[in-house]
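Here is a short report for a first look at this structure. Keep the model in view while reading.

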Amino acid sequence: ADKSAYAHKVEKRNTTQREFLFAQYVAKGEDVVDAFVKAFPTNNRVYAEGQAKILMKAQRIQRMIREEIDKVLSDAEITPLYLLE
């Protein structure tokens, strides 16, 4: 009860199913606002932009996006060494 809504969203540990969808859309290269609108039920793009920025600051979301990108790269057999070459 001592935390603001912003702090709660950024610092919480467990992800929701919608946050997971958001991370998947972002990892696939979609704009963060479009990803938020697809994952969460809203048509308000100004609200979606603000909320997407908050989610992108959360470590759990960043980690999920990184994991999704790593999965795609490993499926395509792209390694960090390959990228450097």
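## Ile 65 and its partners

Start with Ile 65. Beyond its neighbours within four places in sequence, Ile 65 is in contact with Ala 23, Val 26, Ala 27 and Met 56. Keep in mind that this is a predicted model.

## The nonpolar core

The largest nonpolar core holds 15 residues. Ile 65 is among those with the most contacts inside this core, along with Phe 22, Val 26, Phe 36, Phe 40, Leu 55 and Ile 61. Four helices each give at least two residues to this core: H2 (17-27), H3 (32-39), H4 (45-57) and H5 (59-75). Helix H3 gives the largest share, four residues.

## The chain as a whole

The chain has six helices and zero strands. Read from the N terminus, the elements run α-α-α-α-α-α. Along the principal axes, the C-alpha atoms fill a box of roughly 50 × 30 × 20 Å.

The chain has 85 residues, and 27% of them are buried. Take the contacts with a separation of 6 or more: residues 24 or more positions apart account for 50% of these. The chain exposes about 6,300 Å². Carbon and sulfur atoms supply 53% of that area. On the charge side, there are 14 positive and 13 negative side chains. The centres of the two sets lie 8 Å apart.

## Arg 60, a buried arginine

Arg 60 lies in helix H5. Is its place buried or exposed? Arg 60 counts as buried, because its relative accessibility is 3%, and the cut-off for buried is under 20%.

What does the side chain of Arg 60 reach? It reaches the backbone oxygen of Lys 12, at 3.3 Å. Leaving aside neighbours within four places in sequence, Arg 60 is in contact with Lys 9, Val 10, Lys 12, Arg 13, Asn 14, Thr 15, Glu 19 and Leu 55.

## Arg 13, an exposed arginine

One of the contacts of Arg 60 is Arg 13. Arg 13 is found in the loop between helix H1 (5-11) and H2. Arg 13 counts as exposed, because its relative accessibility is 76%, and exposed means over 50%.

Arg 13 and Ala 58 are 45 residues apart along the chain. In space, their C-alpha atoms are 9.3 Å apart.

## Thr 42 in a loop

Thr 42 lies in the loop between H3 and H4. Thr 42 counts as buried, because its relative accessibility is 16%. A polar atom of the Thr 42 side chain lies 3.1 Å from the backbone nitrogen of Asn 44.

## Glu 77 and its backbone

Glu 77 lies in the loop between H5 and helix H6 (80-84). Most residues other than glycine have a negative phi. Glu 77 is not a glycine, although it has a positive phi of about 55°. Glu 77 counts as exposed, because its relative accessible area is 68%.

Definitions and conventions: Residues are numbered from 1 along each chain as its sequence is written. This is a predicted model: local features need pLDDT of at least 70, side-chain atom pairs count only at pLDDT 80 or more; totals for chains, interfaces and linings use all residues. Side-chain values use heavy atoms; hydrogens and water are left out. A nonpolar core is a set of buried Ala, Val, Leu, Ile, Met, Phe, Trp, Tyr and Cys residues joined through side-chain atoms within 4.5 Å. Buried means under 20% relative accessible area, exposed over 50%, partly exposed in between (1.4 Å probe, protein chains only). Contact means heavy atoms within 4.5 Å. Accessible areas come from the Shrake-Rupley method with a 1.4 Å probe; for residues, only the protein chains shown count as cover. Lys and Arg count as positive and Asp and Glu as negative; His and the chain ends are not counted. The place of a charge is taken as NZ of Lys, CZ of Arg, CG of Asp or CD of Glu. A polar contact is a pair of N or O atoms within 3.5 Å; within protein, one must be able to donate a hydrogen and the other to accept it, and residues adjacent in sequence count only if both atoms are side-chain atoms.
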